[in-house]
Amino acid sequence: MAKEMIAMLLAGGQGSRLYALTEKLAKPAVPFGGKYRIIDFPLSNCVNSGIDTVGILTQYQPLVLNEYIGNGQPWDLDRLYGGVHVLPPYQKASGSDWYKGTANAIYQNISFIERYDPQYVIILSGDQICKQDYNDFLQFHKEKNAEFSVAVMEVPWEEASRFGLMVADDDDRITEFQEKPKEPKSNLASMGIYIFNWDILKKYLSEDEADSGSENDFGKNIIPNLLRDGRKMYAYHFNGYWKDVGTISSLWEANMEVLDPEHSGIDLFDENWKIYSRNSGMTGHKINAGAIVENSMITDGCRIKGTVKHSVLFAGVKVEKDAVVEDAVVMGGTVIKAGAVVKHCIIAENVTIGENAIVGAMPTETENGVATVGTGITIGDGATVGPKAMIRDDVKGGEVQC
Amino acid sequence: MLNTNMNALGIIFPNSYDVLVPDLVNVRMMASIPFASRYRLIDFILSSMSHCDIDNVCVMANNNYHSLMDHLGSGREWDLVRKNGGLNIFPPFAEKGNKPYSGRVDALASLLGFLRNQKEKYVVITDTNIVMNFDFNTMIKSHIESGADVTVAYNEQELPESLVQSKSNDKGFYYTFGIENGRITKIYVNPRETGVQNFSMNIYLLERELLIDLINTAFVRGQAYFERDVLLPNLNKLNVQAYKYDGYVARITNLKSYFDENMKLLDDYNLDSLFSGFPIYTKIRDDTPTRYIEGAKVQNIMVADGCLIEGEVENSILFRGVKIAKGAKVKNCILMQGTVVEAGANIEYLIADKNVLITAGKEMKGTDTFPIYIGKSNTI
């Protein structure tokens, strides 16, 4: 039985600009928004859009991601036919290869796609925070009788040269593609989400593979080749919330935006488009007498005795007496001991912040860095971690790191 | 399993003591009463069993069991989806002339065919009105070491007033034990003694073959109650051992104790005592984290995920998806899943069942000794 459309989710990226946060896990597995991981967004979008078959292409540090995805049950993707499949590179009769590029990753899994004989394939990226209806995108693709469509966002003209840009005519047909140009002719940035007719995708992947000079990348090779051949290519306008959380500051910012859904446009609380995730299984959170909690998100298992303002706390975070947490993203299982001050920073999972330690600082005109503490680190009692710091090793008591 | 002696099958009676909390079981049963901000009572016993590798569990649902079916589903959340065993729900077999189970003997008699075909050596029988994090393996070990025919768990506590003051037996039966050298020599039915007693937790452990024999005999004689009719007359013949449980125990014996046992968990010591053992599993609802808006004032509260809090909340337990609007005041309350408290409302000592709406500006106050209960889906 053929599937109309299946999804291929690119989750192999290292996310090197997230430094300490992605040392032991792939970027799509980075925790986000109190109880999610980044990959929950594209996966939930798939399920909410009616896509029940998803291939997840992994390569870099897949351990956490593999365990997290499991059989796909939290996303309702444990299916008899289809469902979620993790697809690492594998050895073939004729040798083996790592995924050389985004296009090569899909190429190496052509036989996976063919099992479902789809008409369309949607290529998704595992490092974006976005709530998007892929079914609406597919309807657009069909209406235009397109062979390839790409989801685009209007970005401010002054920032346009940071993006891959689609130049399109009045009918949204793409006439030109510019990769991070100095002089942008368009402000339609590609979101890296594509719908292909399967026959077209297969043809271009095979041709691209045969080209030894190719970098096997969708943006650099496949899309230019489609343009060269005058294929029917269309730009689908998306105007909801979309954020590439590829840097520490954008990840921090996106977490803060979750706290203000009325203005930021990212509404996790919408019952009609739930984001699913694997559950921590902890008991309800507890806020003690004397604690102050304002403008924050608190998750199951947290114990709050200190002050928490404008922060996102993941499952099982402990904030002890007289500790202050402000403008911070604190991931699961972290303990902030008595009197510690944690501000304007990202603290990864299972970190211990010692008594009276200081991590990060509120931004000033000259300094607005987001201090970052990696997974499992211990910051000693009375230590100081400056706003620009990126902590990958334990910091001893009283030590200062900037 | 590596050690087949440790092999046990679980039988749970989810309707036991329903009569003690008529309000709370109006639309459900004891087992599915919400507790501790995100659980249902049965979660504690099911999770305990699951952690002790008791993965063949029978739930003898008698009536009002839709909420329980909905909650348990296939048993996945408790890791009880198995090819062999797993979670089985046994409602009364609807046949001409058949009635709901009249007692444990009746219910177990209907299960005899199933029991004969199982492989486990032991059977554990429990109710659901006790909240605990129970280690069945220790009990099984003690059973084997003592060479008992039957082992019964108890804890030392005073009898709850609600039971002692009950004028008749229509609130069901409860038991205390006389114990000599670990062996139960006397079973007191509905005693009214004051002071600390050996209070039965109604957790029974015995070999499956023995259970089948006992039930066969009792059923033929038309007997109804396992403790009164089966154990009590056989105390001379059977070696019935008492197993003392020292862990945290919260018994639900009436609406007041339901309120108190919830509130007790606001004390960190109690909370840690109950939850420091195995994790307790429950049905997943995929809520967001709870959101506290600027201006929210909260003190001493336990809150599940998915809540939205703008007002003032003190000494309270909030279940999943509760909304407290700006200017609302909530003190000493238990608000179950989906309760909405609108702006300016002021409530104290209230137990709001699921999806209750307290409209703007309403004031409603119970007292410490008499909390007000508001039924499911009501609007005030």
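This briefing walks through a helix pair, the cavities and one glutamate. The model is predicted, so keep that in mind as you look around. In chain A, helices α6 and α7 come within 11 Å of each other, axis to axis.

**Two helices in chain A**

- Two packed helices are described by the angle between their axes and the distance between the axes.
- Here the pair is α6 (residues 198-210) and α7 (residues 218-228) of chain A, with axes that cross at roughly 115°.
- That angle makes α6(A) roughly perpendicular to α7(A).
- The crossing of α6(A) and α7(A) is right-handed.
- On the α6(A) side, the contact is made by Ile200(A), Leu201(A), Tyr204(A), Leu205(A), Glu207(A) and Asp208(A).
- On the α7(A) side, you'll find Phe218(A), Asn221(A), Ile222(A), Asn225(A), Leu226(A) and Arg228(A).
- Sorted by class, this contact has 7 nonpolar, 2 polar and 3 charged residues.

**The largest cavity**

- Its lining includes Tyr17(B), Asp127(B), Asn129(B), Leu163(B), Tyr174(B), Arg251(B) and Thr253(B).
- Also among the lining residues are Phe199(B), Ser200(B), Met201(B) and Asn202(B).
- Strand β11 (residues 196-207) of chain B gives the most to this lining, with 4 residues.
- By class, the lining of the largest cavity divides into 6 nonpolar, 4 polar and 2 charged residues.

**A look at Glu257(A)**

- Glu257(A) sits in helix α8 (residues 248-258) of chain A.
- Setting aside neighbours within four places in sequence, Glu257(A) is in contact with Tyr241(A), Lys243(A), Ser264(A) and Ile266(A).
- Glu257(A) and Gly33(A) are 224 residues apart along the chain, while their C-alpha atoms are separated by 9.3 Å.

Key
Residues numbered from 1 in each chain as written. Chains lettered and ligands numbered in written order. Predicted model: local features only at pLDDT ≥ 70, side-chain atom pairs only at ≥ 80, totals over all residues. Heavy atoms only, no water. Axes fitted to C-alpha atoms, helices over the stretch in contact; angles between N-to-C directions. Parallel < 35°, antiparallel > 145°, perpendicular 65-115°, else oblique. Left-handed = near helix turned anticlockwise from the far one by under 90°. Contact = heavy atoms within 4.5 Å. Nonpolar A, V, L, I, M, F, W, Y, C, P; charged D, E, K, R; others polar. 1 Å grid on protein atoms, 1.4 Å probe; cavity = no way out; pocket = protein on both sides within 12 Å on 5 of 7 lines; lining within 4 Å.
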